[in-house]
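Me: I would like to go through a structure that is new to me. Could you take my questions one at a time?

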Amino acid sequence: MKKALIFALGLLMLSCAPKGDTAAETASFDQLIHMRRSVRDFDSTKTVSEADVRSIIAAAQEAPSWTNSQPSRYYVALSKEKADAVREVIGDWNRKNTEGAPVFIVSTFVRGLSGFRRDGEPANEVGEGWGAYDNGLSDALLVLKARSMGYDTLIMGGRDADAIRGIFDIPEQETIMAVIALGCRASDPQRPARKPLDEILTIF
Ligand SMILES: Cc1cc2nc3c(=O)[nH]c(=O)nc-3n(C[C@H](O)[C@H](O)[C@H](O)COP(=O)(O)O)c2cc1C
């Protein structure tokens with residue numbers, strides 16, 4: 001009994017959330033936006049529980065989507081075996097940067113839903129682009145929710161989509177978008193500079 005208690009306590013201490021990052025947990029929305037960064041140095045001693053993964057994906061699900069078509073799908077490598085399989089197919093740079101990340105989330109969208117009319121025709125010239133748009137909106141909530149819980153993420157477009165499809169048995173009807181590493185930062189990343197606001201904003 002005592003051994004089991006010590007073991008459970010040890011497991012709790014290994015997770016960086018929900019108690020590990022008080023600054024993130026109490027941050028305002030504006031602070032949270034600035035605290036989220038792409039992390040390329042993960043702490044390999046920290047884990048993420050299934051319950052926390054479920055909370056993060058539930059937040060992503062609240063994103064708006066075309067006619068509420070909810071085209072996004074998520075596949076999560078929670079076991080070490082699956083996470084290692086993902087690490088093998090994201091290229092050398094991403095593999096090196098996610099060495100310590102315990103979890104990978106694959107984000108996809110079902111084609112033919114978002115941006116399509118009931119008769120199956122595209123509603124406008126953007127076509128399947130709306131599916132990618134909706135998926136990006138969901139992923140934005142996902143990474144912010146993760147940060148609010150004290151976790152960190154790295155969105156990766158550099159990945160072998162065919163290999164990812166095989167690892168998770170993802171249906172052909174889904175387009176594979178990002179692989180997102182999830183874990184706890186080992187060091188604080190720099191904020192990459194943003195363009196001047198007036199370069200991206202035109203007000204009439
Ligand atoms: C669609 C997309 C694909 C990305 N792919 C990669 C990637 O393969 N590897 C990587 O290290 N970072 C990747 N990033 C992270 C960007 O480099 C990062 O978001 C950007 O430099 C801004 O830094 P910040 O996220 O810390 O604000 C990607 C980001 C997005 C949104």
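Predicted model: local features only at pLDDT ≥ 70, side-chain atom pairs only at ≥ 80, totals over all residues.

Me: How do the residues of the shell around the ligand divide, then?

Reply: Five are nonpolar, five are polar and two are charged.

Me: Which residues are around the ligand?

Reply: The residues around the ligand are Arg37, Ser38, Arg40, Asn94, Asn97, Leu154, Ile155, Met156, Gly157, Gly158, Ala178 and Pro192. Two elements, α6 (91-97) and β3 (152-156), each give two or more residues to this shell.

Me: And which element has the largest share of the shell?

Reply: That is β3, with three residues.

Me: On to the sheet. In what order do the strands come?

Reply: Four strands make up an open sheet, ordered β1-β2-β4-β3, with antiparallel pairing. At the edges are β1 and β3, each of which pairs on one side only. From one strand to the next, the twist averages 25 degrees.

Me: How many bridges join β1 to β2?

Reply: Six bridges join strand β1 (residues 72-77) to β2, and the two run antiparallel. Within this pair, Tyr74 stands opposite Ser107 in β2.

Me: What about β2 and β4, how many bridges there?

Reply: Seven bridges join β2 to strand β4 (residues 174-183), again in an antiparallel arrangement. Here Val106 stands opposite Val179 in β4.

Me: And how many between β3 and β4?

Reply: β3 and β4 pair over five bridges, in the antiparallel sense. In this pairing Leu154 has Ala181 of β4 opposite.

Me: Is β2 mostly covered or mostly open?

Reply: Strand β2 (residues 103-110) is mostly covered, with seven of its eight residues buried.

Me: Where do side chains point in a regular strand?

Reply: They alternate between the two faces of the sheet.

Me: Let us turn to the helices. How far does α7 reach?

Reply: Helix α7 (residues 129-148) has 20 residues and reaches 29 Å from its first C-alpha to its last. That is close to the 28 Å expected at 1.5 Å a residue.

Me: Which residues of α7 are buried?

Reply: The buried residues of α7 are Trp130, Gly131, Asp134, Asn135, Ser138, Asp139, Leu142, Val143, Lys145, Ala146, Arg147 and Ser148. Just after this helix, Gly150 takes a positive phi of about 95 degrees.

Me: Going back to the sheet, how many bridges did you give for β3 and β4, and which strands does α7 touch?

Reply: There are five bridges between β3 and β4. α7 packs on the sheet and touches β1, β2, β3 and β4, and its direction makes about 10 degrees with that of β4.

Me: What does helix α8 lie across?

Reply: Helix α8 (residues 161-168) lies across β1, β2 and β4, and runs at about 80 degrees to β4.

Me: Now some single residues. Where is Asp169, and why is Asp169 classed as exposed?

Reply: Asp169 lies in the loop between α8 and β4. Asp169 is exposed because 7 other C-beta atoms lie within 10 Å, and the cut-off for exposed is 12 or fewer. Its phi is near 55 degrees, a positive value in a residue other than glycine.

Me: What is the phi of Gln70, and is Gln70 buried or partly exposed?

Reply: Phi of Gln70 is near 45 degrees, which is positive although the residue is not glycine. Gln70 is found in the loop between α4 (50-61) and β1. With 17 other C-beta atoms within 10 Å, Gln70 is partly exposed.

Me: And Gly120, where is its place?

Reply: Gly120 is in the loop between β2 and α7. It counts as exposed because it has 7 C-beta neighbours inside 10 Å. Gly120 and Asp134 are 14 residues apart in sequence and 18 Å apart in space, C-alpha to C-alpha.

Me: Last one: is Glu174 buried or exposed?

Reply: Glu174, in strand β4, counts as buried because it has 21 C-beta neighbours inside 10 Å. Leaving aside residues up to four places away in sequence, Glu174 touches Arg73, Thr108, Phe109 and Val110. Glu174 and Gly112 are 62 residues apart in sequence and 9.3 Å apart in space, C-alpha to C-alpha.

Notes:
Residues numbered from 1 in each chain as written. Buried ≥ 20, exposed ≤ 12 C-beta atoms within 10 Å, placed from the backbone. Pairing = 2+ DSSP bridges. Near = placed C-beta within 6 Å. Nonpolar A, V, L, I, M, F, W, Y, C, P; charged D, E, K, R; others polar. Expected span 1.5 Å × (residues − 1). Axes fitted to C-alpha atoms, helices over the stretch in contact; angles between N-to-C directions. Contact = placed C-beta atoms within 7 Å.
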